[in-house]
Every structure is written in structure tokens, then in C-alpha cells.
Amino acid sequence: MAGCCAVLAGFLFEYDTPRIVLIRSRKVGLMNRAVQLLILAYVIGWVFVWEKGYQETDSVVSSVTIKAKGVAVTNTSELGFRIWDVADYVIPAQEENSIFIMTNMILTMNQTQGVCPEVGGFSGKRLGCPHPRGPVSPVPVGVATGRCVPFNRTTKTCEVAAWCPLENDTYVPKPAFLKAAENFTLLVKNNIWYPKFNFSKRNILPTVNTSYLKSCIYNAKTDPFCPIFRLGKIVASAGHSFQDMAVQGGIMGIQIKWDCNLDRTAAFCLPRYSFRRLDNRDTEHNVSPGYNFRFAKYYNDPAGIEHRTLIKAYGIRFDVMVFGKAGKFDIIPTMINVGSGLALLGVATVLCDIIVLYCMKKRYYYREKKYKYVDDYEQ
Amino acid sequence: MAGCCAVLAGFLFEYDTPRIVLIRSRKVGLMNRAVQLLILAYVIGWVFVWEKGYQETDSVVSSVTIKAKGVAVTNTSELGFRIWDVADYVIPAQEENSIFIMTNMILTMNQTQGVCPEVGGFSGKRLGCPHPRGPVSPVPVGVATGRCVPFNRTTKTCEVAAWCPLENDTYVPKPAFLKAAENFTLLVKNNIWYPKFNFSKRNILPTVNTSYLKSCIYNAKTDPFCPIFRLGKIVASAGHSFQDMAVQGGIMGIQIKWDCNLDRTAAFCLPRYSFRRLDNRDTEHNVSPGYNFRFAKYYNDPAGIEHRTLIKAYGIRFDVMVFGKAGKFDIIPTMINVGSGLALLGVATVLCDIIVLYCMKKRYYYREKKYKYVDDYEQ
Amino acid sequence: MAGCCAVLAGFLFEYDTPRIVLIRSRKVGLMNRAVQLLILAYVIGWVFVWEKGYQETDSVVSSVTIKAKGVAVTNTSELGFRIWDVADYVIPAQEENSIFIMTNMILTMNQTQGVCPEVGGFSGKRLGCPHPRGPVSPVPVGVATGRCVPFNRTTKTCEVAAWCPLENDTYVPKPAFLKAAENFTLLVKNNIWYPKFNFSKRNILPTVNTSYLKSCIYNAKTDPFCPIFRLGKIVASAGHSFQDMAVQGGIMGIQIKWDCNLDRTAAFCLPRYSFRRLDNRDTEHNVSPGYNFRFAKYYNDPAGIEHRTLIKAYGIRFDVMVFGKAGKFDIIPTMINVGSGLALLGVATVLCDIIVLYCMKKRYYYREKKYKYVDDYEQ
């Protein structure tokens, strides 16, 4: 019991500090301080000031709404003079983080369930059609009946049960049908939230007013915080031609970067927009280039028979991609970096020790001072 | 060769440990232990117990399905007595992480391609219309023909080629057309996955049974794990009025937080729901407040002419935002924190050394004991 | 001033290094080196080589497009012989990260606004219907008028104002209506981006050519990088039966994992596909199992009365979930790990000290050599 108390007293009331050899040498002294300075500069300058190692980070949680605006006029033999507004070219009418603007289309009107000759040649491989040569339609549209019927005056093709007449997408209109879409605009509203810091902000900044928002168009230099984008400019900013892209369609990324230092005032936490084309144009390593999909409008004729208008819609899908990190001072990463920095400071002593004890002339003298030898060989 | 062996033997068979001065001083001893205790308490208590610094973390991968339920009745002169069910007010019928519930609408029936007078005044700026005064329609709906035609008995407006008659959205119905939507319910199913730990869970917990799920409504206090939400309550929880929001529409965030400590049993990994309004109501710094979009239903009349019913749908989009972190014991962050903690313990010695060697009365005596001076001035 | 200079000279030109006791003991020496080796092996082997602790990481930003292909044939008394193509079974026509393939349906044709008897029994609880017994329809479809009308020859049900006739979803077709969907294929295009490293890649690899892409089908062993998936195989890979799943619908996750070591060449950064079923099949703890939603096609009959075809669509929603981390060498995490490793090396000395000073026979002799006692008791 008394022994225990003595140990506890020893533990509490004794202070142990290493014994130090203080070598009065300019060379080694300066070198030691220089190495320590380098390490300190790295820890403070790089880790703390530049990389903000004292901050805890959080990833962004985001919500996006997109609204298109614009009218296009077309005048074709098939459809006549026709106006296209938002309800016509945005499909579907609303999505979560993206919007599809139809720029080109292949229209197949008045399809009904029936049988008709396949487009584009024989497809003899199916269901015993007696004409086993020629290309097969790559997109399955129906089921071959096995009969062979005239497609036009010169060629016969395989008959298929399908929505008839079949779509003929051999030729994609060029220039694009709705080439006027270049001047349409997108209004992108983005609300972000950093849950760890309970910090939220909108891309419509409190510093801009409604009249500005009603007339502005985004421009990286003059209007970097205007949330209204002209389609042609988006594509041009990514280094592509809108009219080329409009023919086959494609995917454009509207990237919004929110890098926020929440130790500063919220007014410095600003969105940065950039644009990138996301689909592959490399025809060598690609399948179904561009972007298109098929949808149909269904009708009942007076006799009650179902008709549909099939539309193969080519267009540009604009994906809004929101990313970013927020940082705020936190004790844990600070202490981890301080601790690591202190440990790294020990490297200075190790380096100098090597030089003093192995490289200098007086090394034997120093070793004698630093070390005290205690022999304990069992033999 | 022999020298090499000697060095290796020295390296392997010698053990070097620092020489220590043991100062028997109550003051310094206690202070040293106190500082060490503080650092230990921080490392163990804060870093390990509170912030779980021994855990590796992973972000959530999530999948959401939402299903709405409810019926509304309206009785207007234009549409008569009418029932609205899910297929009528959810647009589009399914989305990935969100659902749009139409609460208000401006209906423009029987539009056809044609020419008609513009709504709301002259728009003389376009295509040489001879009436160059008056407001211009802010939303482009068509192309001015240049003629000036009577809009009603007193005013003349610019004629436009468009889907006619034009939509008149000057007055938004108030109260909202489908104000009964307040009592609709949403069933939110959420499946989460932490790929690093291969841990997955659903927000329909294994502890609740089907009969409970068929009758429950989410309530933060009494039914915190019921995945069925009443629209009115969601908006109220975010501090807003459903009937106000229903008029112009808006965006509501249903936030599901999955913070899971996977060192404990999976039963403690539970979803936490919260609600937040995501659109900006500040009219000073806003453009197109609320949330609305236009879509059309297309018809062919018996003569084959295409008609459409244009609907400007105002409504509330519910975005389900899933976020969270899972943590599980891992050796790397543990060791990083242990290493940093050890390095920080060294701070105690540095602090006490400063006091002992610079502040205490007997400082010269202590310095003499701690330091051994070795001169090596080159001169 | 002179004193200040002396202090500065002392600070700059003096080098302090701890005094060391060098104990020549095979046992302790070897133990010390062994512990140091273990710690080094952990730091280098585990932290650096295995866990790549020298890398900074970034999370993936992704964009996905999905295209379905395939034709199904059905032959029922209600609809007759009918072909179903992409425009018929993909609803909505395009989404951002997912695609819904309808596999089963309950069709209610020619609905109009009106009154009709409720399906499936009395629902007396509503609006004073005089038959207060029997089950209530779980899904609200209309508003009870309070009258009681014959449903069929034997039973009377409550009359409701609704879209009439009402849907009868008591029996779900089994096998699934579009069971041929098992052979449909999905083409998934995925573009990823690591913003921190400005590295982007597509899941259509530059090493595959167009002719391969036109004919390949994903197979985990033989074609792991083909982006075309057969629906039946996706479901089978997740351990489920497509035909079972097609009846009630469900959610399948197509998981794409991009774990990239950007210190190596980009060719090694490859997508890994895996498949998981995301909906709950546990009928005990579930509500509305499977996946379905209702949508309607609207028609105007010659008299101008609005009709609709209500479709309760059961089907499989394929959610593409992209996740992954990219790592690249960075000085900060390297230094944090080096610093922590150095601090951990100190543990070896602490452990050996304990053995030498408390466990060995000669411990008093060693203590005497290591420690120098300085008394400073105030009394």
C-alpha cells in the first residue's frame, strides 16, 4: 500500500525530460534550423494556408430546376407552316436535373397495327422469308410474317407485322429541323445545401435583382452569375458547333462548381459554370452516335381504331451536374495536421544527427558526448 | 567485411534509449501530467469517442421510388364537375428521385396552328407591326405577322402565328385549382447501399408490418419511421403554408439522412426525415417564382387537323434527397489518429521544459542538469 | 540589444540532440528492431502500398444515357394481335439515370368522367352510403355519391363519381403480359469525370470497335466491357427470375464502379458492372410490393367528350448507379501518413523501455544509467 503510494507520488510529482547535448556548431546549428524551417513552412504554408488542412469538408446536396424558352418556325411540305413552342420540343415536360430540347426529328404519321414491307431491303434471316439475302434492319421494329412483298417498284422486301407504315430513318434531316433552337434559352435554378454545416445557397444571388434576371444572358466574362444560358453559347463554350450537334443530337453537361470556404463570409461562396460535351463523337469506337429516342402520340380515329404518330426525336440533353466541397474550421483535421507536423519536425533532428555523428571530422568526439555505452552481453 | 558485420551487429544488438533527467518537483510534475491528461482526453474522448476517428467512412448510394395517392374534385364552368386522380395530376407518370404533383393550372383548350391576336397589348417591336408601343409578351409564344388586329372591343394587338388561341396566364387561379392536394399522400421507398462495406438497407424497416404501413402517416414524434407523408404536413414542417405554395408552385426537399455506425448492429442504422423548401420566394432577387411548366395533350379532329390542349401546370415538385455517411472501424484512420495523438503528447514535454528552464527560480540549476555543452566553434 | 543577439546566436548556432544510453543487449536490441520493423511494415506495406495512403481521392461525377431495343408480340381477346415497340413500353420516353420497361399492365379503356359502381364491394364508410359493411377500396379513385347501385347480378356497391368504368386491378396477369421483355436489350452509355484531376472517361472503351459494339452482349466473363445488357441476364445476375419479377414489377440496380488509380495509365481505369435488386420482396414488412404506376392516354371523341385509356403499368425500372473513387499522388496525405508513421515508431522505444526498466534482471542498473535524479521538493 505504501509502495503503491510511492509509485503514484513518483508518477505524479516527478517530471522527466530528456537530457540534451548542446553542440555549439554554426554549421550544424544553421542546418538544423534550416531543415526545421522548411518543415514548418511546408506544414503552415502548404497544408494550412494553401490546402486548408484545418478545415473539415462536406459534399454538396443539390436540387435543380430548368426552364426553356423560345419559339421555332418550320415550313415543310409534310407539316406545312408550323410554330414549335416549349410544350412541343421539351420531352418529357419536366425532369429532375436535365432537360431535353428536340432539335431534329423523323416523323412517321398515322401508324396503325398491321403488316407492311420492311424498309431498306430483305431481311431473310427471320421466320423463313424466302429471300435470304440482303441487309437486316438493325433496329427490330416488328415480326416478319415470312411473306415477301413489293417495297417499291423495283425491290421486294420481307413483310413484317408492326406499327405500319414503318419508320424510315435512313436519312436524317440536315440541317436540323429545329435549327432555330440555337437561340433558345435555359433558365437554370440551383439550390445547394451542405448538411454538415447546415449552409444553403441559391445560384440566383441576392446581389442581382429581378430586372437584371429578366434580360441577362450568361457570359463567362461579363455576366458570370446570370443563370440564363443561350443554347448556342453553351455548345460553343464546349468547343463544338451547335448546328452540327443539332443534327444527330448529343449530351451537354452544364457543370456548376460550388467550392466554398465557410470560414469566410457566405458572399464569397459563388457558383462557377463550365460546359462539357458528354457524348462520344469518335465514330470508330461508338454505337448509335448522338442522342435520340422514340416516342409516340396516340390517337383514336372516329371508327375507334388506334393510330399513333411515331417521332424519332434527335436533340440535345442538357445535364446539370452540381459538385463541390465546402470547408470549415474543425479541431480534428487541425490536430491531425499539427500532430503530423510535429512528428515531421523530429526528422530535422534525425538528419542532423546523421551528419554530426557520421560525416563530421569530430564525429568520434560527438558520439562520445551523445552516447553512453552500457554493456550487457549475456556471455 | 568484418567492419560491415560489426556495424550490423551494432545495429541489431544495441538498444538506444534517451537519457532522462528526472526532476522531483511537485509543481512541474503535476503540470506535466495535467497537460498530458488534457491531450489524452482530447485524443480519446473527442477524436475517438465523439468523432469516431477510428472509423473509415463511405458515402451513400441510393435508389428512390415515390408513389402518390389521392383524389381531388373540381367544379368549374369550363370543365364542369371533374375528378382528378393520380394519372391526371402526376406529370410525368414516374421519375427517378422526385415527383411532381400538379396543384394549379391554366388550361388553353383546342389550340390549332394559326394566327391570332397577341394577349396583353401591342408588341410592336417585332417584324414591323405598325403599333410600336405597349408591352411585349415576355414569353415568346409565336411569330408576329406584322398585322394589327382587334384583341377585344377596345384594344388592338399584334397578330402572331402560333398555336391559337393563345394562352392567357395573366391571372393565376387563387385559391389553387387542386387545393385538395393538401391531403394527398406520398409513399417514399428508399433503398440505400454503402458499397465499401457492402451494407444495404431500406427505409421500410423490418420492425414494421404491412398492416401498420397501410394505415400510418409520418409524424416526427409519433411515427418517425412511417414512409407515407401527407403533402400538407411536409410543407407545414418546412414552415410554409400549403395553400400559398399551391398557387404558384414550388420545390420541396424531402431529406433522408442515413448516418450509420456499422460497428453497432444494423438495427440502429435508421433514416431521419426532414423537410426544406428549395425554391426562392424572395421576389426582389428572383425570376419566374414558384414552379411551373407547360405541356400539351395532342388530338386529331375528325378532319385530321391536329389540336392540342395546352396546360401550364403549377405544382409542387418533391425532391427526395438522400445523404449520409456510414462509419466502420478501420486500422488506417485509427493509426493516423494514434500517431498524431502520440506526437501531440510530446507537446506536454515541450511546454513543461519551457516553464522549467525559463520561468522557475532554479532554472540555471535545471539547465545545467539537462544540457551538456560541447563547443565546436571553428575559429 | 547585445543580450538579444546572444540569444539569437544561441538559437541559430547551437544544435541540441538528445543524449542516448546505448545498451549493448542482444535481447532488447533485437526486440526493438523487430517492433520497429513491424511498424515500418505496417506503414509502408499496408498504408502506402495496399491502401494507397499517399493518394488524394475524388468522387465521380457521372452522366448516363440508356437506350432500349426489342419488340414483343401479344395476342389477347381485348387488344387482338399487337406489336409492342420501344415507343410503347418505355415510359417516359427518356429519363436521366434510369429507364422503365413495362412488362405487365392492367388496361382500362374508354374511361370518361361519370358515375359508376365501385369495384370489389361496399365502401360504406364514405359520405353516407347506406351499406356500411364490407371492404373499402384501398386506392381512392373517386368520390362516393351516397347511392347504392348494382355492381353485378349478385352484389351492390357504392356509387362513385370518377373516371368510369373503374379499373379492376384485383387480378394481375400472370405470366406477365410482355414476358418477351426478357430478351430486350439496354445500351448504357456512361461518361464519368473526376473534377479534381480533370480526368474523364467513357464506358465505351477506345479499345473496342463499332462492329463489336453492334453485336456484343454483356457477359461478366467473356464480354465484361460490352455496354449492352440483356434484361433477362441482368435479373438473373442478381439472383432472381425475370418472369417472376415481370408480373409485379420491381427495381433493378445496374451498378457501375469506377475505381481508378490515376498514377497508372488511364487504360487501367475500367468500369465494373454489377447488378442488385433494389425493391423489397419481403411481404411481411412491405406495402405495394413490386413497382407500378398509373398513366393515361387522353382522347377526344367526335362529340368532343374527353376519354382516356388508363394504364396501370407494372414493370422493371433499371437504375444506373455510378460510384467510385479516383486516387492520385498528393503530398498532403503522404506527409500525414509519414508523420503518423514516425510518431508510431516512437512506440517501439516506449515498449522496449518498459521491458528494460521494469522487467529485466539488471533493471536497477539500467535505470541508474538512463535517469539522473534532481531533487526539488519545496519543503
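Visitor: How many residue pairs are in polar contact across the interface of chain A and chain C?

Guide: This is a predicted model, in which local features need pLDDT of at least 70 and side-chain atom pairs count only at pLDDT 80 or more, while totals for chains, interfaces and linings use all residues, and side-chain values use heavy atoms, with hydrogens and water left out. Residues are numbered from 1 along each chain as its sequence is written, and chains are lettered from A and ligands numbered from 1 in the order in which they are written. A polar contact is a pair of N or O atoms within 3.5 Å, where within protein one must be able to donate a hydrogen and the other to accept it, and residues adjacent in sequence count only if both atoms are side-chain atoms. Across the interface of chain A and chain C, with both residues at pLDDT 80 or more, the number of such residue pairs is 23.

Visitor: Which helix gives the largest share of the side of chain A that touches chain C?

Guide: Helices are DSSP runs of H or I with at least four residues, and strands are runs of E with at least two, numbered from the N terminus. The largest share on this side of chain A is ten residues, and these come from residues 331-359, which form helix H7.

Visitor: Which residue of chain A forms a salt bridge with Lys297(C)?

Guide: Between chain A and chain C there are four salt bridges (a side-chain nitrogen of Lys or Arg within 4 Å of a carboxyl oxygen of Asp or Glu). In the one formed by Lys297(C), the closest N and O atoms are 3.8 Å apart, and the partner is Glu306(A).

Visitor: What is the bridge partner of Ile23(A) in E1(C)?

Guide: Strand E2 (residues 20-24) of chain A and strand E1 (residues 14-18) of chain C run antiparallel and are joined by five bridges, where pairing requires that DSSP finds at least two bridges between the strands. Within E1(C), the residue bridged to Ile23(A) is Tyr15(C).

Visitor: As by what kind of axis are the two copies, chain B and chain A, related?

Guide: Chain B can be laid on chain A with an RMSD of 0.2 Å by a turn of 120° and a shift of 0.1 Å along the axis, superposed by least squares on the C-alpha atoms of residues with pLDDT of at least 70 in both. The two copies are therefore related as by a three-fold rotation axis.

Visitor: Which strands stand at the edges of the open sheet in chain C?

Guide: Three strands form this sheet in the order E3-E18-E14, with mixed pairing. Two of them have a single partner strand each, so one side of each is left without a neighbour in the sheet, and these are E3 (55-59) and E14 (260-261).
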